[in-house]
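Please open the structure in your viewer and keep the selection tool at hand. The tour below moves from one selection to the next and says what is found at each stop.

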Amino acid sequence: DGYRILHITDPHFDAADGLGDAIVRTVAGAEVDLCVLTGDFRNVERGPFTQTEILEPLAAIRRTVRASDGFLATLGNHDPADMVAPLRQLGLRVLVNRTHHVRRGGQAIALTGIDDVHRYYTPAADAALAAHDPQAFGIVLAHSPEMAGEAAAAGHSLYLCGHCHGGQLCLPGGRPLITHLSRHRDLYAGLWRYGEMWGYTSTGAGVADPPIRFNCQGEVTEFRLRAE
């Protein structure tokens with residue numbers, strides 16, 4: 001009860017000058033139990049990881065955010081597999097279709113991180129979600145909301161994701177022109193519920209091309225869990 005999670009997603013650190021510094025300033029000094037980052041660290045969509053300049057703002061977040069249970073990360077559709085090793089060297093535990101447990105006495109939270117399924121789907125993501133013990137409190141860390149149905153069916157309790165940027169370029173009232181979702185298109189932003197599972201799709205900390213927002217504000221989100 002009261003467990004705090006800081007969620008950062010879609011920073012796209014190299015998409016615009018000063019973006020990395022702005023994100024670091026936003027989270028500087030935050031004190032939480034856990035910090036989770038759910039992908040799209042760079043702006044280039046394909047190719048090997050050569051954008052090493054994005055590691056500095058990540059290192060700064062690692063230094064300035066106080067997270068007693070550490071930092072967990074998953075990859076996004078902009079992030080190649082060869083990014084895993086540099087992220088781990090920064091002290092981020094990258095979950096590649098695996099589950100990490102946080103324990104407090106006799107209680108535990110099972111955090112399952114899956115690969116981005118929008119572009120890099122494999123059955124390993126399904127298997128990781130299905131392996132969940134439905135008696136445990138399970139949190140899914142995913143880049144996009146496109147596996148919400150499978151996560152809810154497996155008995156997970158909370159699903160944290162991003163990917164859509166809330167549309168980034170929206171009509172008045174925040175209606176997105178594009179969500180970049182192939183399924184669950186209604187879960188493009190904010191708090192939602194799928195079956196018995198709650199979920200939250202962040203509008204993202206950064207921007208992709210074009211590097212502007214219209215009728216859609218970016219965000220970094222802090223969650224606090226409450227026991228029922």
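Is Trp-192 buried or exposed? Select Trp-192 in this predicted model, and you will find a buried residue, with a relative accessible area of 6%.

Tyr-159 lies in strand 10 (residues 158-161) and Trp-192 in strand 13 (residues 190-194), so that the pair links parts of the chain that are 33 residues apart.

For the other pair, select Tyr-200 and Phe-223, whose ring centres are 5.2 Å apart with the planes at 75°, so the pair is edge-to-face. Tyr-200 belongs to strand 14 (residues 197-201) and Phe-223 to strand 15 (residues 221-224), 23 residues apart. Tyr-200 counts as buried at 16% relative accessibility, and Phe-223 counts as buried at 14%.

Next, go to helix 1 (residues 19-27), where Leu-19, Gly-20, Ile-23, Val-24 and Val-27 are buried. These residues lie on the same side of helix 1, because they cover an arc of only 135° around the axis. They pack against strand 1 (4-8) and helix 2 (55-64), whereas the face turned away from the buried side carries the exposed residues Asp-21 and Arg-25. Just after helix 1, look for Gly-29, which takes a positive phi of about 85°.

Finally, select Val-94 in strand 6 (residues 93-94), a buried residue with a relative accessible area of 4%. Beyond its neighbours within four places in sequence, Val-94 is in contact with Ala-73, Val-84, Leu-87 and Arg-88.

How values were computed. Residues numbered from 1 in each chain as written. Predicted model: local features only at pLDDT ≥ 70, side-chain atom pairs only at ≥ 80, totals over all residues. Heavy atoms only, no water. Buried < 20%, exposed > 50% of the residue type's maximum accessible area, 1.4 Å probe, protein only. Helix = DSSP H or I, 4+ residues; strand = E, 2+ residues; numbered from the N terminus. Arc of directions from axis to C-beta. Contact = heavy atoms within 4.5 Å. Phe/Tyr/Trp six-rings, centres within 6.5 Å; stacked < 30°, edge-to-face > 60°.
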